[in-house]
Amino acid sequence: MLNHPAAAWIILIVSTILTAIAWSISNQAMLARAADRFKFESTDIKNAINRRMLEYESVLRGGVGFFQANHGHVSRDQWHIYVNTLNIDRYFPGIQGIGHSLVVQPEDVEVHNNAIRSQGFHNYRIYPEGNRAVYTAIIYLEPFDFRNQRAFGYDMFSNPVRRLAMERARDTGLMAVSGMVTLVQETETDIQQGFLMYLPLYTENSPLETVAERRNSWYGVVYSPFRIKDLMQGILGVGMADVGFEIFDGKSINSEHLLYKSDTNAVFSNPKPDFLTTEPLVFGGHTWTLRLFSYPSYISPVESGQPMLVAIGGMVVDLLLFVIIGSISRQQKRAEELAKAMTTELSKSKDILAEKNAALKLYNEELRQFAYIASHDLNEPLDVIQPYLQLLNSHYREQLDKDANEFIDFIQESVQNMKEMTRDMLIYAKIGSKPGDYVITALDIPLNIALANIQERISATGTIISKDPLPAAYIDCHLIEFVFTNILDNAIKYAQKNVVPRVHIGVEVTSNECVISISDNGIGFDPGLTGQIFLMFKKLHAKDTYPGTGAGLAICKHIIEQHGGRIWVKTQSGSGSTFFFTLRLHKLEAA
């Protein structure tokens with residue numbers, strides 16, 4: 001197979017396809033890791049917003065409790081002291097203030113205005129003016145700074161968006177959040193969108209079981225206004241550098257409902273983000289839509305370069321294989337041409353037979369030398385690559401991430417595999433390159449040596465080995481030892497999980513040869529693959545599951561054929577395998 005003229009190109013094409021698959025898998029894994037990280041960071045942003053909104057609700061519930069503890073009568077000074085003690089700028093960043101709005105009936109408007117004016121606020125009035133069925137008035141709002149003073153006396157019930165949230169709080173007795181509004185605290189600079197959070201206040205000892213009872217007992221709210229940009233900076237600080245988000249009021253995603261954008265200069269759809277998700281945020285009976293997206297820099301150059309590192313490493317190995325197999329093919333072609341020329345010359349004259357025999361021996365010696373040279377040519381670049389990989393591994397492992405280190409390990413493993421393949425090629429080429437030490441030998445001798453070779457594996461797995469009495473045969477003991485070692489080692493390696501391996505060596509003897517059988521109770525394999533199992537470097541299982549180069553059985557076949565015998569296998573997936581090979585009992589006499 002390796003000496004076919006097209007072998008190098010076939011191997012290059014196949015290995016390039018495998019490298020492309022490895023690159024694709026690495027690229028998909030990189031994207032999957034980034035997607036998981038984006039999902040985690042998106043969830044972190046959502047949870048941070050939810051946690052802070054719950055904290056703000058707790059602050060308002062403290063205000064309600066303060067009113068209840070004082071039987072509904074809290075003075076302006078008491079409210080100032082209460083809010084000031086909370087130190088909201090430090091512990092609750094993003095909140096605009098904490099206030100109290102009082103329900104005022106139409107007939108009580110003048111009395112109410114005069115009462116507040118008597119406290120020193122001579123220009124106080126409920127606004128906006130106009131006739132309404134019921135009024136509310138913001139009478140406390142701390143801190144009572146320049147912005148919050150603009151809301152003093154404002155009737156939030158006069159605004160449909162605020163009124164809807166206040167009515168929801170009144171009727172349910174629960175916290176309610178308003179839709180998007182522009183706060184009356186806004187000035188002409190740094191105008192932001194806003195919203196409000198309400199908790200209802202009811203008269204003491206009033207029944208509150210039904211909506212009607214809660215409406216009759218309602219006398220105001222404790223509330224907080226929020227400027228959305230200040231709120232988000234208070235919750236997230238500078239945010240996450242590579243993840244942006246937008247908040248839309250309600251379930252619609254359009255510019256009219258845009259409440260907040262983390263980066264006003266970012267356009268998430270151009271270029272299209274690698275990652276995008278939409279999450280609902282529901283609190284206080286109101287829904288926001290949170291849309292999160294990644295910025296172009298989300299996947300770092302180091303991450304995006306990892307699949308390319310796999311591709312480059314794979315191509316290096318691919319090209320090395322191409323050069324080596326091409327060299328083997330050229331050498332084989334030259335050998336075949338030489339053999340053809342020698343055959344032609346031999347047919348011309350018996351007188352030069354001796355000369356051609358000498359040339360043939362020289363050719364065989366050249367083939368043996370070629371095996372050594374091919375091995376050296378392959379090992380030379382690998383011996384150069386391996387130390388540099390070891391230096392890279394020892395000096396930079398701590399500076400690289402887990403994936404990069406895995407890629408280095410992958411390349412090291414590939415180099416080691418190539419060295420093992422070179423070793424097996426050398427063993428294969430040496431067989432038959434010189435006359436073997438063939439003598440009549442008891443087969444128990446190479447078998448016992450083989451068992452000693454794998455004794456550690458036998459003991460570790462608890463393998464039970466049995467055998468029939470074996471005859472003597474005309475063999476090269478060292479080569480047959482290799483056959484026994486390889487087949488027995490495979491029988492143990494491919495054992496079924498949680499089953500004690502059992503191996504039996506049997507024999508059938510005829511007048512001229514013996515048939516050795518080695519049977520196991522292992523995993524077996526598809527009988528349709530028996531024609532492939534003796535091919536060079538052919539493996540039926542993944543290397544990470546069953547290590548090896550796939551050359552062992554090809555070498556065994558070569559050895560048995562050198563002995564003038566045959567080798568074959570019978571198997572069934574899940575039911576074990578039996579390998580057979582024949583050996584001559586005597587040396588063939590020359591004709």
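Colleague: Before we start, when do you call a residue buried?
Modeller: Buried means under 20% relative accessible area. Keep in mind that this is a predicted model.

Colleague: OK, so is Arg 291 buried or exposed?
Modeller: Arg 291 is buried, because its relative accessible area is 13%.

Colleague: And which residue does Arg 291 form a salt bridge with?
Modeller: With Glu 246; their closest N and O atoms are 2.9 Å apart. Glu 246 sits in strand 6 and Arg 291 in strand 9 (residues 286-294), so the pair ties together parts 45 residues apart in sequence.

Colleague: What about Glu 246 and Lys 261, how do their side chains meet?
Modeller: In a salt bridge, at 3.4 Å from N to O. That pair joins strand 6 (residues 243-249) to strand 7 (residues 258-261). Glu 246 counts as buried because its relative accessibility is 4%, whereas Lys 261, at 21%, counts as partly exposed.

Colleague: How many salt bridges does the structure hold?
Modeller: There are 17. One of them is between Arg 227 and Glu 186, with 2.8 Å between the closest N and O atoms. Both Arg 227 and Glu 186 are buried.

Colleague: Switching topic: how many residues are in the largest nonpolar core?
Modeller: That core has 58 residues, and those with the most contacts inside it include Met 53, Trp 79 and Ile 247. Helix 1 (residues 7-69) gives the most to this core, with 13 residues.

Colleague: Which residues does Ile 247 touch, leaving aside neighbours within four places in sequence?
Modeller: Among them are Ile 49, Met 232, Tyr 260 and Trp 288.

Definitions and conventions
Residues numbered from 1 in each chain as written. Predicted model: local features only at pLDDT ≥ 70, side-chain atom pairs only at ≥ 80, totals over all residues. Heavy atoms only, no water. Core = buried A, V, L, I, M, F, W, Y, C linked by side-chain atoms within 4.5 Å. Buried < 20%, exposed > 50% of the residue type's maximum accessible area, 1.4 Å probe, protein only. Helix = DSSP H or I, 4+ residues; strand = E, 2+ residues; numbered from the N terminus. Contact = heavy atoms within 4.5 Å. Salt bridge = Lys/Arg side-chain N within 4 Å of Asp/Glu carboxyl O.
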